[in-house]
Amino acid sequence: MRTQLFVDGTWRDGGGGATIGVLDPATGETIADVASGTPEDATAAVDAAAAAQPEWARRPARERSEILRESWRLMNERADALAAIITAEQGKPLAEARGEIDYAAEFLRWNAEESVRISGRLSSTPSGASRVLVSHPPVGVVVMVTPWNFPAAMITRKVAPALGAGNATVIKPAAETPLTALFIAELLTDAGVPPGLVNVVPTNEPGPWFDAAIGHPATRMFSFTGSTAVGRALQAKSAQRVLKSTLELGGNAPFIVLADADVEAAVAGAMVAKMRHTGQTCVAANRFYVHRAVADEFTDRLATEMSAVVVGAGVEPGVGCGPVISAAAVDRLHRTVEAAVASGAKVVTGGSPASRPGFFFEPTVIAGVESGAEILDGELFGPVAPIVCFDDDDDAVAWANATEMGLAAYIYGQDLARGLNIAERLQVGMVGLNRGFMSDPSAPFGGMKQSGLGREGGAEGIYEFCETRFVAADW
Ligand code: NAD
């Protein structure tokens, strides 16, 4: 395990000598002390990135592409070691850590393919006075701030397109999960990424670190994944330098089960949408709106499935529900469930912290929730499923849209036209129609409203890390 900062292709301690204690959420014990970067370390990382970027941008796209493809190969080759690190510091079951690595690695391969296809445009002005040649050069130095819930994929989803387009990067991983980020820095270097292009600087002091990184005159872009509250605050700061930015923020995904849904399929989809990574995904099903005609059957079946999930440490065999990230998250979930019960909802299964060391909460189903209940307002970020009944599809759509979040939604129903019609009325960037999982590197991931700006993946993703320039020419 690497525990030092990675700046300009070298491993070094943080300038202040401080360290970050990394916990295993399955035990609550410290598993590593990682160097904590200072604002000066952030500045040094941007210096290194700025020095390395022009040569990288001048290289043929094919060379950058081959290095990304080799990174994809190495990530698969080293998947066992990486999965062990992800599970140790983040907590997700090993099988889910392997799933994250597949997803994370695919961003390296997808962007290896996209990076040789960045295209421009040639047109004539309507007056006929000149031609217009549009091209997409790299932005330059990109500062990236990433969350703990997908410690590998949230990095490759940004770094792969950024490098593919010819940029250099400075990454601040979440303090909870720096080991995965440092592992990836080493892997990319082994794959041939030159020094200075990928700098990883974890820190205990995110505020001053960020001010230094975005205050550096060479920084041109800020790319964030995390909560809406933090993203909004950092966006306001980066506006002082008019930085180009992409924001992948929080969600509050509705999961709508229509009267004609195949209930067995809907429950299978709900288990994926709710329980993947112990409910700690931005696209996690957060609110279940179920038509009254199928509500009892859906609730009973979901409760049966949820109560059968094995709760335990991610390294134990057969575990389907790992720990949540912290003791504070357990307390928050418990308080939220108790408040829902106090306002009239009923716990069908679970409802309490699991009685074992570490940060565990029981898989929980809550029925009889009113459409305006507080539990539906924010991200639960844990294994808790509140169910609201509806009688009219229009109510379900209105309730689904009654939030400032607009990341993802799920719809189950057998009439495809009806499902597509509802999908088009939902104010979200991504819809799973008869699917509990929609993410793929080939699709443009991202949200509407306060769930974000910009898209990661798809054909769109690499252009987020590009500028647009035109030359008006006569010939
Ligand atoms: P968070 O907002 O608390 O932290 C995200 C990152 O911001 C971390 O690296 C953190 O250290 C950093 N940070 C926090 N305060 C900062 C400050 N003052 N200055 C600079 N950096 C600061 O989010 P989290 O708890 O790590 O992750 C969970 C959140 O991320 C959820 O809201 C989830 O929905 C969201 N998320 C969104 C997506 C997406 O693609 N839309 C993907 C994954 C997670």
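A word on what we are looking at. This is a predicted model. The chain has a mean pLDDT of 98, and 100% of its residues reach 70 or more. Confidence is lowest in strand 5, residues 121-124, where the mean is 96. It is highest in strand 8, residues 168-172, at 99.

Strand 13 covers residues 285-291, and strand 16 covers residues 384-390. The two run parallel, joined by four bridges. F288 stands opposite I387 in strand 16.

Now the aromatics. The count comes to eleven aromatic pairs. Take F255 and F298 as one of them. Their ring centres are 6.4 Å apart, with 35° between the planes, and the pair is tilted. F255 is in strand 12, residues 253-257, and F298 is in helix 10, residues 292-308, so this pair ties together parts 43 residues apart in sequence. Are these two buried or exposed? F255 counts as buried, because its relative accessibility is 0%. F298 is buried too, with a relative accessible area of 0%.

F255 has another partner, Y412. Here the centres are 5.4 Å apart and the planes are at 15°, so the pair is stacked. Y412 sits in strand 18, residues 408-412, so its pairing with F255 in strand 12 links parts 157 residues apart in sequence. F255 and Y412 are both buried.

Which residues make up the cluster? F255, F288, F298, Y410 and Y412 form one aromatic cluster. That brings back F288, the residue opposite I387.

The charged end of K92 sits over the ring of F150, 4.3 Å from the ring centre. R157 lies over the face of F445, and there the distance to the ring centre is 4.0 Å.

Last stop, M405. It lies in strand 17, residues 405-406. M405 counts as buried because its relative accessibility is 18%, and the cut-off is under 20%. What does M405 touch beyond its sequence neighbours? Leaving out residues up to four places away, its contacts are T228, G250, G251, N252, Q427, K449, Q450 and S451. Look at K449 in particular. M405 and K449 are 44 residues apart in sequence, yet 5.8 Å apart in space, C-alpha to C-alpha.

Methods. Residues numbered from 1 in each chain as written. Predicted model: local features only at pLDDT ≥ 70, side-chain atom pairs only at ≥ 80, totals over all residues. Heavy atoms only, no water. Pairing = 2+ DSSP bridges. pLDDT = per-residue confidence, 0-100. Buried < 20%, exposed > 50% of the residue type's maximum accessible area, 1.4 Å probe, protein only. Contact = heavy atoms within 4.5 Å. Phe/Tyr/Trp six-rings, centres within 6.5 Å; stacked < 30°, edge-to-face > 60°. Lys NZ or Arg CZ within 6 Å of the ring centre and 35° of its normal.
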